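Here's a quick tour for anyone opening this structure for the first time. Take a look at the sequence and the model, then read on.

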Amino acid sequence: MALCVTCLPFLGILLGLPLLINSDLVMDPKALTIVVNQQATFNLISKTKISEDVNVQLMVSYADIVVLEPSEIKIPANAPVPFTQIISVTSKSPGYVDVTANASSSSLEVDGAFLKVTSEHSSEIEIISVVVGWIYFVVWSVSFYPQIFENWRRKSVVGLNFDFLTLNLTGFTLYSLFNCGLYWIPSIQEQYFERNPRSGIPVQPNDIFFGLHAVAVTLITIFQCFLYERGGQSVSIVARSIQGAFFIFLFISMLCSVFKVILWLDFLYYCSYVKLCITLIKYIPQGYMNFRRKSTVGWSIGNILCDFTGGVLSILQMVLDAYNYHDWASIFLSPTKFGLGLISIIFDVFFMVQHYILYRNQAPLHSGYERIDGSDSSEAPTTITPHEASVVDECHQSASQDVISSESVT
C-alpha cells in the first residue's frame, strides 16, 4: 500500500497547462535585498517599441520601508529597444515590499513588471541565518544513518516500528514530489506564477536534495527489514488503513487534475497536506511500541538527537529571520512551519524521556510486537532472540555497575 501511495502521484503530472501573460515592461532583477539606510539599484526595461509617449508610475506596497528615485519615468515614442532606466532604491526600515508599475497607456503591457524588495536589519544576521539553515539541513540529513548503523550492527530490526517506516516513506515521497514538480516542471511553475504573480518559487535545491535523500535512505532501512531479523513484525492494520485513505484521496485528486477539475498545482498542494498530516502522526506508532515493550532497544536515539537539534536550529532560523526582516507575522499568523517544528521537538523530548529515564538500560519485556491496534504478531517468537539476550546481559551489567558506583559513593 505504501508503494501505491508513493508511486501514484507520478502517473499524470506532465500534462500541458496555460502560459503566462507576456509583459512589455520588466524589472531586473526580480528580487533585491537591502540593508536599512543603504541603497541599491535595479533596471526598468521596456522591450517593445511604442508609437506614443508613455508615463510609467512605480508604486511600492509600503512607502515607509523603501523609497524609489525616480518613481515616475517617461518612455518616449519610438525609443530604442530595449529602453532601460536605472532606478535607485533606498531602505528606511526592515520589511518586505512589492514594487509594481502603472502605465498611462494600454499600448504598454506592464502586468509582469514587479520587484520584491527585502529590507533587513543586518547582513550579518542574514549570513548567520543561512549558516544555521545549512547546519540543520546537514543534521537532518545525517539523522537517518544512526538507525541504519544500529540495524547493521545488531543484524536485527527488532525494536524499529514498521508503521513509522511506511509513513516516513510516503511522507518524504510526497514532499519530494511537491518540490520537484514546483522546481522542475515549467507548466506547474506557470500555474504558480499565475496564482502568485509577485512571488518566487518557494523551493530551493537543498529542499530537493533533502527529500530525495530521505526517500533513498528510508528505502535502505526498509530493505534492512527484509534482510535482518524482524521478530515477526509487519505493518499494522491501522497503518494500512491510514495509507489506504491517503491513496484514495490522492487518486481522486489526481483524476480531478487529469480531467481539469483542479489544477496540477492544487494536486501538489494536496500532496503537501498529506505530508503535513503524516508529520503529525508518524512518531506515534514508535512511541507506542516503546511503551508496550518498556524498552527502546533497537530504536536508535541518534536519530532523535539529530532530529531534535535540527528542529531547534530550524526554529532559531525562523526567529532570526523574523527579527531581521521585521516579519513576526510569519511565525504567529502563519504557524504551520513553526507548529510542525515544535511538535517534532515535543516528540523528540518524549523519546529522550523514554530512552534516558523511563526505560534506561531496560531490556524489552518480550521479543514479539504488539501492534498499534493491540494485537500480537502471529509470527512473533515466544522466546527472546539471541540479539536481545545479549542486550539483556548488557543491561544487567550496566545496572550492576550503577549499583556498585552508588554503593561506593555512599
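What follows is a short briefing, grouped by topic.

This is a predicted model, where local features need pLDDT of at least 70, side-chain atom pairs count only at pLDDT 80 or more, and totals for chains, interfaces and linings use all residues. Residues are numbered from 1 along each chain as its sequence is written, and side-chain values use heavy atoms, with hydrogens and water left out.

**The big picture**

- The protein's secondary structure comes to 13 helices and nine strands; helices (H or I, at least four residues) and strands (E, at least two) are DSSP runs, numbered from the N terminus.
- Of the 410 residues in the protein, 49% are buried (buried means under 20% relative accessible area, exposed over 50%, and partly exposed in between, using a 1.4 Å probe and protein chains only).
- Among contacts (heavy atoms within 4.5 Å) with a separation of 6 or more, 79% are between residues 24 or more positions apart.
- The protein exposes about 20100 Å², and carbon and sulfur atoms supply 65% of that; accessible areas come from the Shrake-Rupley method with a 1.4 Å probe, and for residues only the protein chains shown count as cover.

**Transmembrane annotation**

- The unreviewed UniProt entry carries the annotation "transmembrane region" for residues 127–145, 165–185, 208–229, 241–261, 267–285, 297–320 and 340–359.
- UniProt positions are given in the numbering used here, feature names are shortened, and annotations may be inferred rather than shown by experiment.
- Take residues 165–185: the chain there is 95% helix and 0% strand, with its end C-alpha atoms 29 Å apart.
- Residues 267–285 come out at 89% helix and 0% strand, with end C-alpha atoms 28 Å apart.

- Ile248, Phe251, Ile252, Leu255, Val258, Phe259 and Val261 make a nonpolar surface patch of about 650 Å².
- Patches are made of residues with over 30% relative accessible area and no salt bridge; like charges are joined within 9 Å, and nonpolar side chains (Val, Leu, Ile, Met, Phe, Trp, Tyr) within 5 Å.
- One of the patch members, leucine 255, sits in helix H7 (residues 237–258).
- Leucine 255 counts as partly exposed because its relative accessibility is 32%.

**Salt bridges**

- The structure holds four salt bridges (a side-chain nitrogen of Lys or Arg within 4 Å of a carboxyl oxygen of Asp or Glu).
- In one of them, lysine 74 pairs with aspartate 53, and the closest N and O atoms are 3.5 Å apart. The pair links distant parts of the chain, 21 residues apart: lysine 74 is in strand E6 (residues 72–75), while aspartate 53 is in the loop between E3 and strand E4 (54–60).
- Aspartate 53 is partly exposed, at 39% relative accessibility.
- Aspartate 98 forms a salt bridge with lysine 116, with the closest N and O atoms 3.1 Å apart. Aspartate 98 is in strand E8 (residues 95–103) and lysine 116 in strand E9 (residues 114–120), so this bridge ties together parts 18 residues apart in sequence.
- Glutamate 150 bridges to arginine 153, with the closest N and O atoms 3.2 Å apart. They're separated by about one helical turn because they lie three residues apart in helix H3 (residues 145–154).
- Here glutamate 150 is buried at 17%, whereas arginine 153 is partly exposed at 47%.

**Residues worth a click**

- Serine 46 lies in strand E3 (residues 39–46) and counts as buried, at 2% relative accessibility.
- Leaving out residues up to four places away in sequence, serine 46 touches Asp24, Leu25, Ile75, Val81, Pro82, Phe83 and Leu108. A polar atom of its side chain lies 3.5 Å from the backbone oxygen of threonine 48.
- Asparagine 179, in helix H4 (residues 162–184), is buried at 3%.
- Beyond its neighbours within four places in sequence, asparagine 179 is in contact with Val203, Asp207 and Ile208.
- Histidine 326 sits in the loop between helix H10 (301–324) and helix H11 (329–332), and is exposed at 53%.
- Histidine 326 and tyrosine 96 are 230 residues apart along the chain, and their C-alpha atoms are separated by 8.6 Å.
- Not counting residues up to four places away, histidine 326 touches Pro94 and Asp321.

Note on methods:
Polar contact = N/O pair within 3.5 Å; in protein donor to acceptor, adjacent residues only side chain to side chain.
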